[in-house]
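Please read it alongside the sequence and coordinates.

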Amino acid sequence: MMKLILGGALCMMFYTIHAQSGLQSLDEHILEYLAAHRTPGQTAFWRALSNANTYVDVGIPTGLLAAGLIRNDVDMKKNALYTASSTALSILVNFTIKRIVKRPRPFITHVHFTPVYRPGDYSFPSGHAASSFGAAVALARAYPKWYVMAPALLWSSGIGYSRMYLGVHYPTDVGAGALLGIGSAFGMGFLRP
């Protein structure tokens with residue numbers, strides 16, 4: 001399963017590299033549009049949402065595990081392992097791909113572009129998008145109810161958007177990260193009860 005996920009991520013990487021001129025232009029236009037329409041209130045909101053990502057990624061499986069232990073619910077404990085594993089796999093594969101691709105952040109490639117802040121590391125794929133979609137899709141698959149799925153997917157989509165709004169990732173970085181997270185959730189599906 002790991003080979004399938006890594007293979008899919010590498011295919012996305014090669015497609016992105018080969019189709020880069022058209023996609024790169026679209027990426028830049030989207031980021032420039034978002035930057036031109038930033039407001040202080042929106043910037044504060046999207047920055048706070050982006051900063052909360054790690055806490056939510058850790059909080060979802062931790063909350064499931066705690067509830068599973070309190071209720072002595074074996075399935076809930078297995079779902080905690082499933083969501084944690086999905087998130088961890090997306091982070092691991094994301095880290096590996098970033099070291100292979102080494103795509104510079106938008107503000108490094110385009111010095112005229114101003115991000116809200118300047119994180120280090122590489123841009124492709126988005127680690128925030130990968131981990132949030134890995135956690136959200138795993139949670140949605142573990143509990144396929146609209147009141148779980150809708151907030152989980154809204155959250156992960158908001159994280160992806162925040163990374164573009166803040167000017168720290170290209171849209172293709174976010175798209176690849178989302179696909180990586182979704183693939184991780186499906187790849188680790190064997191852990192579901």
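**Note on helix packing and voids**

1. Helix H5 (residues 74-101) packs against helix H9 (residues 171-187) at an angle of about 135°, and their axes lie 8 Å apart. H5 is therefore oblique to H9. This is a predicted model, and the values below should be read accordingly.

2. The crossing of H5 and H9 is right-handed. On the H5 side, the residues in contact are Tyr82, Ser86, Leu89, Ser90, Val93 and Asn94; they meet Leu180, Gly181, Ser184 and Ala185 of H9. Classified by residue type, this contact of H5 with H9 comprises five nonpolar and five polar residues, with no charged residues.

3. H3 passes H8 in a left-handed crossing. From H3, the residues Gln42, Thr43, Trp46, Leu49 and Ser50 take part, meeting Trp155, Gly158, Ile159, Tyr161, Ser162, Arg163 and Tyr165 in H8. The contact of H3 with H8 has six nonpolar, five polar and one charged residues.

4. How much space lies in the largest pocket, and which residues are closest to its centre? The largest pocket holds about 200 Å³. Its lining has 13 residues, of which Ile91, Asn94, Gly127, His128 and Ser131 are the closest to the centre. Asn94 also belongs to the contact of H5 with H9.

5. Helix H4 (53-71), H5 and helix H7 (127-142) each contribute at least two residues to the lining of the largest pocket. H5 provides the largest share, four residues. By class, the lining of this pocket has two nonpolar, seven polar and four charged residues.

6. Across the whole structure, a search finds one cavity of 30 Å³ or more. The largest cavity contains about 50 Å³ of space.

7. The largest cavity is lined by Glu28, Leu31, Glu32, Pro106, His110, His112, Phe113 and Tyr170. Helix H2 (residues 20-36) gives the largest share of this lining, three residues. The lining of the largest cavity divides into four nonpolar, two polar and two charged residues.

Technical notes:
Residues numbered from 1 in each chain as written. Predicted model: local features only at pLDDT ≥ 70, side-chain atom pairs only at ≥ 80, totals over all residues. Heavy atoms only, no water. Axes fitted to C-alpha atoms, helices over the stretch in contact; angles between N-to-C directions. Parallel < 35°, antiparallel > 145°, perpendicular 65-115°, else oblique. Left-handed = near helix turned anticlockwise from the far one by under 90°. Contact = heavy atoms within 4.5 Å. Nonpolar A, V, L, I, M, F, W, Y, C, P; charged D, E, K, R; others polar. 1 Å grid on protein atoms, 1.4 Å probe; cavity = no way out; pocket = protein on both sides within 12 Å on 5 of 7 lines; lining within 4 Å. Points joined across faces, edges and corners; volume = space filled by probe spheres on them.
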